[in-house]
Amino acid sequence: QVQLVESGGGLVQAGGSLRLSCAASGSIFNVNTMCWYRQAPGNQRELVAAIRSGGSTNYASSVKGRFTISRDNAKNTVYLQMNSLKPEDTAVYYCNADVRRTSYGNYDVYWGQGTQVTVSS
């Protein structure tokens, strides 16, 4: 089994910063792409940022220049540094990862349980 556990959410004032972490654990052979998504009440879940195993990244236009995604491959952990936060960034943030559990298996997508980020104006 594979578990993804997020941490680092909370309440912050507009203009502030937060750093989210997501650690993958369990029966893991290899982790490919790791992503952060978010979902605000009444909205669909949207991709915030993604990072591939080689380090290439992409961001939603709404967060480009303010958020930075990074990863520690040795720890199977992905981070999201969020700066200059805005009230519209308020959402539950979820991480996901493409994980191969054995050398001969396929990649499957796993999700974390989510962490709340609230930005007050």
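The model is predicted, and local features need pLDDT of at least 70, side-chain atom pairs count only at pLDDT 80 or more, and totals for chains, interfaces and linings use all residues. Residues are numbered from 1 along each chain as its sequence is written, and side-chain values use heavy atoms, with hydrogens and water left out.

A salt bridge is defined here as a side-chain nitrogen of Lys or Arg within 4 Å of a carboxyl oxygen of Asp or Glu. Three salt bridges were counted by this rule. R38, E46, R66 and D89 are joined by such contacts into a network.

R38 forms a salt bridge with E46, with an N to O distance of 2.7 Å. Relative accessible area is classed as buried under 20%, exposed over 50% and partly exposed in between (1.4 Å probe, protein chains only). R38 is buried at 6% relative accessibility, whereas E46, at 35%, is partly exposed.

A salt bridge also connects R38 to D89, at 2.9 Å from N to O. This pair links distant parts of the chain, 51 residues apart: R38 lies in strand 4 (residues 30-39), and D89 lies in the loop between strand 8 (77-82) and strand 9 (91-100). Strands (E, at least two residues) are DSSP runs, numbered from the N terminus. D89 is buried, with a relative accessible area of 1%.

D89 also forms a salt bridge with R66, the closest N and O atoms being 2.8 Å apart. R66 is in the loop between strand 6 (57-59) and strand 7 (67-72), and this pair too links distant parts of the chain, 23 residues apart. R66 counts as buried, at 10% relative accessibility.

Methods: Helix = DSSP H or I, 4+ residues; strand = E, 2+ residues; numbered from the N terminus.
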